[in-house]
Amino acid sequence: MLSPVPEEPLLLAELKPGRPHQFDWKSSCETWSVAFSPDGSWFAWSQGHCIVKLIPWPLEEQFIPKAFEAKSRSSKNDTKGRGSPKEKTLDCGQIVWGLAFSPWPSPPGRKLWARRHPQVPDVSCLILATGLNDGQIKIWEVQTGLLLLNLSGHQDVVRDLSFTPSGNLILVSASRDKTLRIWDLNKHGKQIQVLSGHLQWVYCCSISPDCSMLCSAAGEKSVFLWSMRSYTLIRKLEGHQSSVVSCDFSPDSALLVTASYDTSVIMWDPYTGERLRSLYHTQLSPAMDDTDVHISSLRSVCFSPEGLYLATVADDRLLRIWALEMKTPIAFAPMTNGLCCTFFPHGGVIATGTRDGHVQFWTAPRVLSSLKHLCRKALRSFLTTYQVLALPIPKKMKEFLTYRTL
């Protein structure tokens with residue numbers, strides 16, 4: 001159930017780059033990407049100046065609410081017998097645009113890098129992929145900070161990265177060269193597919209939690225849905241009036257959200273292509289010029305871990321939190337020049353990255369999901385919309401299970 005009176009997000013902590021801003025554009029101090037490891041034990045931050053910081057989570061205790069801290073420390077990645085993890089600095093040598101952690105843990109018995117890197121111990125290997133300005137993708141072992149692989153193929157900036165949640169170490173990359181590429185890290189980073197069709201830079205890629213679909217958003221009004229089984233185009237989703245720059249699947253794979261420079265977020269049924277709802281970023285300050293639509297251009301959208309909330313970051317310098325069944329935001333927080341956002345995998349915290357290289361951590365709504373939502377989430381994790389519609393159940397139940405009651 002949702003809290004009837006949501007509180008405004010509170011700033012928990014802020015991380016700042018360790019060096020001053022430079023006027024040379026090549027220093028690129030922007031934080032284009034932030035990511036939590038799936039088990040919540042690490043936070044990765046592209047802090048600008050070609051540097052990625054790997055920070056053990058949680059942060060210092062005084063910044064973290066007690067309940068959140070306890071939940072974080074109960075995660076599976078307890079560093080038993082290896083000492084406490086330490087912060088690491090990864091010098092990527094190029095401006096960093098995209099970050100992605102592999103699923104945790106890796107399947108048991110996997111000797112991921114044994115042949116190529118015998119010095120790396122055979123442990124459950126959490127890895128971080130970094131997408132760079134020169135088109136390269138560097139693969140790092142998180143626990144040691146070792147560079148494991150360098151993937152070459154893209155001809156321009158690697159803007160976004162996404163691992164398949166199943167743990168088979170398939171990596172998808174999205175690039176300004178207008179392609180997406182599929183890499184198999186179990187085969188030393190072999191490129192297994194190139195997906196073409198976009199006419200503009202590809203900004204974002206997201207893989208559905210059931211690993212059946214891939215969504216890609218480019219500087220176009222439509223988004224592409226691809227099959228992760230055949231690597232072919234399933235359909236284009238058309239409805240935005242300007243460039244789509246961010247996309248994310250719900251935890252049960254039943255919903256897809258896309259964010260655009262047209263100031264709207266659209267919620268889709270990815271199986272049917274139906275547009276279920278639009279969320280509009282209206283301006284709050286009367287001092288803003290209503291004719292300047294760019295002030296509310298979207299930068300990032302993401303689902304909360306339980307699938308009941310969305311977070312969005314826009315150029316109007318606001319972090320918004322939306323409840324799934326409501327058409328207006330339930331909470332706002334003022335932030336400066338936000339570029340990206342992501343939820344902590346256990347809930348309760350949102351991380352945002354800014355154009356000046358800062359990362360801010362905000363409180364997010366904590367929710368006890370209703371039994372109805374838990375049942376819907378469990379069913380939709382393995383049933384498509386068409387399979388639900390074929391069930392011999394009442395119409396109202398079908399509408400609820402397919403999110404038509406939004």
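Student: Which residue in S16 is the bridge partner of methionine 213?
Tutor: In this predicted model, the partner of methionine 213 is serine 227 in S16. Helices (H or I, at least four residues) and strands (E, at least two) are DSSP runs, numbered from the N terminus.

Student: How many bridges join strand S15 to strand S16?
Tutor: Five bridges join S15 (residues 213-218) to S16 (residues 222-227), and the two strands run antiparallel. Two strands count as paired if DSSP finds at least two bridges between them.

Student: And what sheet do they sit in, with which order of strands?
Tutor: The sheet is open and has four strands, in the order S14-S15-S16-S17, with antiparallel pairing. Its edge strands, which each pair on one side only, are S14 (202-207) and S17 (233-238).

Student: Before we move on, what should I know about the numbering and the model?
Tutor: Residues are numbered from 1 along each chain as its sequence is written. Because this is a predicted model, local features need pLDDT of at least 70 and side-chain atom pairs count only at pLDDT 80 or more, while totals for chains, interfaces and linings use all residues, and side-chain values use heavy atoms, with hydrogens and water left out.

Student: OK, new topic: how many aromatic pairs are there?
Tutor: The count comes to 10 aromatic pairs, where rings of Phe, Tyr and Trp (its six-membered ring) pair if their centres lie within 6.5 Å, and planes under 30 degrees apart count as stacked, over 60 as edge-to-face and the rest as tilted. One of them is formed by phenylalanine 36 and tryptophan 57, which are edge-to-face at 5.1 Å centre to centre, with 80 degrees between the planes.

Student: Where do those two sit in the chain?
Tutor: Phenylalanine 36 is in strand S2 (residues 34-36), whereas tryptophan 57 is in the loop between strand S4 (51-56) and helix H1 (66-73), so the pair links distant parts of the chain, 21 residues apart.

Student: Are they buried or exposed?
Tutor: Both phenylalanine 36 and tryptophan 57 are buried, which means under 20% relative accessible area, with exposed being over 50% and partly exposed in between (1.4 Å probe, protein chains only).

Student: Why is the pair of phenylalanine 36 and phenylalanine 361 called tilted?
Tutor: That pair is tilted because the planes are at 55 degrees, with the ring centres 6.5 Å apart. Phenylalanine 361 lies in strand S28 (residues 359-363), 325 residues from phenylalanine 36, and phenylalanine 361 is buried, with a relative accessible area of 1%.

Student: Which residues form the aromatic cluster?
Tutor: One aromatic cluster is made of Phe36, Phe43, Trp57, Phe344 and Phe361.

Student: What about the peptide bond from tryptophan 57 to proline 58?
Tutor: That bond is cis, with omega near 10 degrees, and proline 58 lies in the loop between S4 and H1.

Student: Last one: what does UniProt list for residues 370-406?
Tutor: The unreviewed UniProt entry lists "domain: SOCS box" there; UniProt positions are given in the numbering used here, feature names are shortened, and annotations may be inferred rather than shown by experiment. In the model, residues 370-406 are 59% helix and 0% strand, and the end C-alpha atoms are 15 Å apart.
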